[in-house]
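Visitor: Hi! Could you walk me through this model?
Guide: Happy to, let's look together.

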Amino acid sequence: MLENLTEMLKGVLEGCVLEIISRNETYGYEITRRLNALGFTDVVEGTVYTILIRLEKNKLVQITKKPSDMGPPRKFFAINDEGREELRKFWEKWEFLSSKINELKETRP
Amino acid sequence: MNFWERITGSDMTKEMKSFESRAKKLPPDYQAAWEQINAYLWPHSDFTGRNLMPILDGVLGLLEETAADGQSVQEVLGDDIQGFCSALAGEEGAKSIRDKWREQLNQNIAKKLGK
């Protein structure tokens with residue numbers, strides 16, 4: 001990953017995690033691997049964990065505990081209606097932000 | 001939590017003991033991280049520390065899950081344990097004693113200024 005991307009990524013990571021959850025019910029480890037595969041290699045499970053807690057607190061996801069082959073039961077996350085609404089807003093904001101920043105870049109003298 | 005537990009904090013002592021015995025089952029590098037997390041989180045405690053119990057329980061769960069996956073603690077938490085802890089405490093809205101002092105200070109100054 002590009003150096004020092006973490007700070008910039010912080011603001012949008014929550015939306016990214018919500019997007020991943022919206023496609024399929026999933027759990028922390030899988031989400032982290034997904035982000036790593038996308039190229040965000042610095043993202044660790046601890047980071048995803050704190051985001052999942054925030055999503056849970058804001059009631060944007062639904063949680064089910066399922067037993068796993070080894071270790072304690074795993075928490076699975078699925079999106080709910082409020083989460084879908086939040087995700088829609090996230091992409092709207094992202095569209096705005098990225099179009100404006102590109103605009104700025106393209107008008108370079 | 002009954003009255004006796006509320007006053008003596010014996011419910012927390014029990015909970016801390018169960019955390020400790022769970023932590024003891026973790027691999028050594030995880031145990032070290034657990035100790036660090038504890039050290040970073042306690043300044044965020046309220047007067048009794050009761051606000052930290054669910055946070056600690058969650059973190060321990062994360063450590064147990066990832067240890068069972070066979071990941072190293074470095075892979076799980078990265079190198080910024082402090083950042084991880086403040087994110088945790090912040091998300092849970094845990095107000096620390098320091099925040100209370102700050103509030104008090106601001107109020108006192110506002111009063112002195114006659115506002």
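**Helices and chain contacts**

Visitor: What hand does the crossing of α2(B) and α4(B) have?
Guide: α2(B) and α4(B) cross in a left-handed way. Left-handed means that the near helix is turned anticlockwise from the far one by less than a right angle, and right-handed means clockwise. Do keep in mind that this is a predicted model, where local features need pLDDT of at least 70, side-chain atom pairs count only at pLDDT 80 or more, and totals for chains, interfaces and linings use all residues. Residues are numbered from 1 along each chain as its sequence is written, chains are lettered from A and ligands numbered from 1 in the order written, and side-chain values use heavy atoms, without hydrogens and water.

Visitor: At what angle do α2 and α4 of chain B pack?
Guide: Helix α2 (residues 10–24) of chain B and helix α4 (residues 53–69) of chain B pack at about 15°, and their axes are 11 Å apart. α2(B) is therefore roughly parallel to α4(B). Under 35 degrees counts as roughly parallel, over 145 as roughly antiparallel, 65 to 115 as roughly perpendicular and the rest as oblique. The axes are lines fitted to C-alpha atoms, for helices over the stretch in contact, with angles from 0 to 180 degrees between N-to-C directions.

Visitor: Which residues make the contact?
Guide: From α2(B) come B:M12, B:E15, B:M16, B:F19, B:R22 and B:A23. From α4(B) come B:M53, B:L56, B:D57, B:L60, B:G61 and B:E64. Contact here means heavy atoms within 4.5 Å.

Visitor: Over to chain A! How many helices and strands are there?
Guide: Chain A has four helices and two strands. Along its sequence, chain A goes α-α-α-β-β-α. These are DSSP runs numbered from the N terminus, with helices being H or I of at least four residues and strands E of at least two. The C-alpha atoms of chain A fill a box of roughly 60 × 30 × 20 Å along the principal axes.

Visitor: How do α1 and α2 of chain A pack?
Guide: α1(A) and helix α2 (residues 28–38) of chain A pack at about 115°, with axes 11 Å apart. That is why α1(A) and α2(A) are roughly perpendicular. α1(A) passes α2(A) in a right-handed crossing. On the α1(A) side, the contact uses A:L13, A:C16, A:V17, A:I20, A:I21 and A:R23. On the α2(A) side, A:I31, A:R34 and A:L35 take part.

Visitor: And at roughly what angle do α1 and α4 of chain A cross?
Guide: Helix α1 (residues 6–23) of chain A and helix α4 (residues 81–106) of chain A cross at roughly 130°, and their axes come within 10 Å. α1(A) and α4(A) are therefore oblique to each other. Here α1(A) passes α4(A) in a left-handed crossing. Among the residues that meet are A:V12, A:G15 and A:L18 in α1(A), and A:F90, A:W91 and A:W94 in α4(A).

Visitor: Now the two chains: how many residues does the contact take from each?
Guide: The contact takes 19 residues from chain B and 16 residues from chain A.

Visitor: What does A:R74 form a salt bridge with?
Guide: A:R74 pairs with B:E65, and their closest N and O atoms are 3.9 Å apart. A:R74 lies in strand β2 (residues 74–79) of chain A and B:E65 in helix α4 of chain B, so the pair joins two chains.

Terms used: A salt bridge is a side-chain nitrogen of Lys or Arg within 4 Å of a carboxyl oxygen of Asp or Glu.
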